[in-house]
Amino acid sequence: MKKLLIAGTVALAAIAVAQDAKTITGAGASFPFPLYQEMFAQYNKTTGVQINYQSVGSGAGRTQIIAQTVDFGASDAFMNDELLKTAPGAIVHVPMAIGAVVPVYNVPGAPDKLKFTGDVLAQIYLGKITKWNDAKIVKLNMGVKLPDLAIQPVYRSDGSGTTAIFVDYLSKVSSDWAGTVSKGPQSTVKWPVGVGGPQSAGVAGLVKQTTGSIGYVETVYAKANKLEYGVVRNSTGKYVDGGNLKEVALASDSKSLPNDTRVSFTNSDIGYPISGFTWILVYKEQKYGKRTVEQAKSLVDLLKWMLADGQKINEQLAYGQIDGSALAKAKKIVSSITYGGKAL
Amino acid sequence: MVTRASQNIQVGISKTLSPARRAQNALAMVLVALGTLLVLVPLFLILKDLFVKGFSSLNLQFFTQSQSEITFLGSAGGFLNAIVGSVMMLAVALVIGVIIGIGTAIFLTEYREHRLVPSVRLMGDVLTGMPAIVVGLVIYGLVVRGLGFGYSGIAGGLSLGLIMIPVIVRATEEVLKLVPQTLREAGLALGLPRWKVIMNIVLPTARSGIITGVILAVARVSGEAAPLIFTAFGNSFLTWDPTQKMSGLPLAVYRSAFEPSEAAVARAWSGALVLVLAILVASLVARFAARKR
Amino acid sequence: MKATIPQPRRGSGSRADARFQAVIVALASIVLVTALAYSVVLLLNGASAFGREGLGFVFGSNWDPANGHFQAFPFIAGTFFTAIGALVIAVPLALAASLFIAEYAPDWLANPVAYLIELLAAIPSVVYGLWGIFVLIPATLPFQKWLASSLGWSAPIGPGLFSAMLLLAVMIIPFIAAISRDVIKLVPNDQREAAFALGATKWEVIRYAVLPYARAGILGGVILGLGRAIGETLAVTMVIGNANRFPQNLLSPTATMSSIIASNFGEASSPEFVSSLIGIGFVLLVVALVVNFLARIVIARLTPQGTV
């Protein structure tokens with residue numbers, strides 16, 4: 001009874017808070033949702049600011065920031081120049097985490113961390129490698145006994161940033177893939193073979209219950225579902241583990257990173273090759289619609305916090321940290337945000 | 001009617017109870033029982049999973065805390081925000097669905113000489129075939145963005161109400177049609193005005209069927225997540241104000257079910273269980289109320 | 001008996017009657033306006049999809065968003081196959097259940113069974129989907145494998161047309177059963193008594209006195225079920241395997257119109273992609289309309305004279 005009373009009081013207090021405290025609304029990518037949930041809950045505790053983030057998908061996140069129905073959007077794919085032009089103002093990209101996509105499989109008798117190359121992954125998803133004991137897989141995994149079992153490829157049935165990173169990588173390492181299926185990051189493609197599972201959890205579920213299957217999910221899903229996943233050879237010939245977050249973070253350092261951080265760094269020559277940024281999208285000029293300077297200030301404070309204290313949460317949840325040159329550039333982008341032309 | 005039935009029977013069967021007829025009768029009964037069993041088996045399987053998985057993580061906290069308190073690493077948080085959101089939005093939907101739905105069904109059955117009847121019937125069919133997600137998209141285009149109302153519990157309730165309408169119309173229409181014409185004629189012959197005949201004779205006669213229709217409609221929309229995404233948006237914080245962004249149980253269930261955390265998936269099952277139990281209670285109450293009068 | 005209602009006499013009632021009628025007409029008009037608004041919104045938004053692909057949008061089979069091809073025939077076929085398959089499975093079972101409840105079982109058994117079946121309608125789509133992936137598919141996979149090997153089809157992985165049909169059938173049964181039960185219960189008892197009096201068996205009473213009377217109402221329930229089967233989104237999305245291609249056989253993965261909208265709308269980036277998805281929404285609307293229209297004709301033919 002006492003518990004109920006306390007709960008009731010808490011509930012009433014929550015209502016009171018909901019009406020007068022500052023609130024920030026965001027929508028978009030589902031991949032960083034667990035991370036954002038953790039960050040926003042901690043931020044709420046320390047500052048009292050309520051952040052209502054809904055994972056509706058990266059595409060919807062981009063659409064909604066363009067439509068100005070949210071304070072920030074979130075996306076696993078960057079907006080290209082053409083799309084940026086459709087927005088009523090300049091939008092900036094702030095990278096918040098790096099996600100790695102790993103090949104998960106269910107092969108009886110096979111050990112964890114089988115070795116893959118981009119070319120082998122592409123041929124599996126093209127339907128050209130159809131058996132687990134294919135010479136090309138056996139060659140990479142000397143000493144491992146692979147069964148004479150049909151490969152059942154599983155892909156994401158919904159449009160997804162995970163798919164975009166995966167097929168972007170395949171198109172860079174396989175001319176066959178680039179020629180017949182897709183070029184660049186595409187959230188959905190016409191898969192030549194295989195079966196689709198809904199969301200990462202669906203892919204993980206199907207892989208778990210289907211012998212001979214292979215799928216691709218973000219590291220956090222492979223770990224949560226206790227699935228075996230493979231290591232992938234990067235362009236320098238080194239086999240890298242996507243579960244090693246230092247290697248994942250390293251990949252973003254590879255290229256001369258553009259100042260606006262809009263870049264795909266799959267098939268990087270250092271670190272793990274199948275990875276990418278996930279961004280938060282905000283307007284550079286915050287004075288639009290009915291927005292007040294307080295709202296703008298509160299949003300910028302949040303972004304600054306996410307790049308500082310918030311980054312400590314990344315590795316706990318199996319996301320790569322924003323570090324080095326990427327972090328410096330991200331901070332610079334946040335400090336370039338203005339209200340009525342004045343810095344915040 | 002009696003004559004028609006007897007004619008049918010005279011055409012269909014001979015008058016002696018032959019072994020063939022007896023066997024046919026027994027066979028029909030076995031098939032009906034078997035069919036019912038086949039319906040009940042998956043039902044039990046689903047309910048079993050729902051109860052086992054749903055109860056395992058159902059606790060007081062589930063009803064007293066909101067999703068805003070959930071952290072990936074911690075154990076706090078519940079679905080209070082979503083439960084409140086569902087209640088508020090279903091209330092909005094129920095008002096819209098019942099008034100427009102039953103009104104339309106009355107129009108279609110009691111005013112069938114009206115020149116608008118064919119078009120209303122056609123458009124009712126349009127609504128029947130509309131997938132929930134498309135309803136959500138249309139409300140998003142017309143209300144959320146078009147009229148500039150933004151996301152809100154009201155927009156969510158509106159989309160749910162629109163999905164309810166065709167279910168209520170169709171179910172109500174079917175039972176109204178079965179109210180014997182003689183009842184109406186008797187009422188009119190007594191000098192009752194037509195509206196009184198409809199309200200005091202036709203509707204009460206069909207009450208149980210109409211209630212079934214409304215329950216089905218509520219049950220149908222209470223589990224819909226898709227239309228809420230683009231209308232109510234979702235809200236991890238608790239709010240009672242339907243002009244604010246709101247969450248609903250199915251939305252919370254849908255999103256939690258795909259998270260890479262066992263606690264989130266368990267909460268999703270609990271949410272589904274609570275939803276189904278709430279519908280069960282509501283339908284029992286409605287039926288009880290209907291029978292009592 | 002012709003369904004005309006005698007005009008009410010003039011007097012105090014007639015003004016109230018006029019007012020009542022005005023309210024009813026206004027309510028019905030809301031349905032009219034809303035549905036028109038839907039159609040216009042969908043058509044306007046989807047028109048560009050037809051503009052680009054022409055008739056290929058509905059008759060072509062190349063759906064390849066990465067390369068800018070949007071032809072929706074596989075999904076139209078997918079919707080058609082899954083809905084019909086689900087009906088074939090669901091209708092006999094639902095009918096059996098409703099007869100059991102309304103005609104055979106004693107009240108103490110009939111009522112709980114009826115509640116349970118209605119409860120099936122309340123289970124959220126996503127729960128059906130989860131159950132489909134984690135329980136139904138593994139449970140039916142041995143049968144699917146046996147079927148595939150005996151017919152010489154390629155080995156099934158689980159998600160596909162067949163799984164979607166089964167799951168949809170489970171989902172639409174409560175709609176058909178609940179409405180059938182109600183209309184069967186509403187069949188006047190003198191129908192049954194007359195038949196019994198003639199020495200008919202229980203089955204003959206049902207066959208010749210009850211079912212003909214309730215036939216039109218049952219079909220109304222079937223149409224509601226069909227409407228749900230055609231429009232059902234999340235659960236189907238989760239078990240159909242979502243392949244952008246025409247199914248090779250009963251067990252292969254494919255997609256439906258609503259599943260392709262649901263699984264791609266959130267991530268659709270190009271305007272062409274978005275308008276194609278909305279265009280599919282419009283096609284879905286047309287398909288649903290045609291199905292409803294056909295069903296109405298069937299009902300009209302089956303409705304016995306004598307009922308209204």
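This tour goes through the interface of chain B and chain A, then a sheet in chain A, in a predicted model. Residues are numbered from 1 along each chain as its sequence is written, and chains are lettered from A in the order in which they are written. Local features need pLDDT of at least 70, side-chain atom pairs count only at pLDDT 80 or more, and totals for chains, interfaces and linings use all residues; side-chain values use heavy atoms, without hydrogens and water.

**The interface**

Select the residues of chain B in contact with chain A (heavy atoms within 4.5 Å): 27 residues of chain B meet 34 of chain A. The two chains bury about 2,700 Å² between them, 63% of it on carbon and sulfur atoms; buried area is the accessible area (1.4 Å probe) lost on being put together, summed over both parts.

Next, show Glu262(B) and Lys226(A). They form a salt bridge, with the closest N and O atoms 3.5 Å apart; the rule (a side-chain nitrogen of Lys or Arg within 4 Å of a carboxyl oxygen of Asp or Glu) finds one across this interface.

**The sheet in chain A**

Strands are DSSP runs (E) of at least two residues, numbered from the N terminus, and two strands pair if DSSP finds at least two bridges between them. Strand 10 (residues 231–233) of chain A runs antiparallel to strand 11 of chain A, joined by two bridges. Finish at Arg233(A), which stands opposite Tyr239(A) in strand 11 of chain A.

How values were computed. Helices (H or I, at least four residues) and strands (E, at least two) are DSSP runs, numbered from the N terminus.
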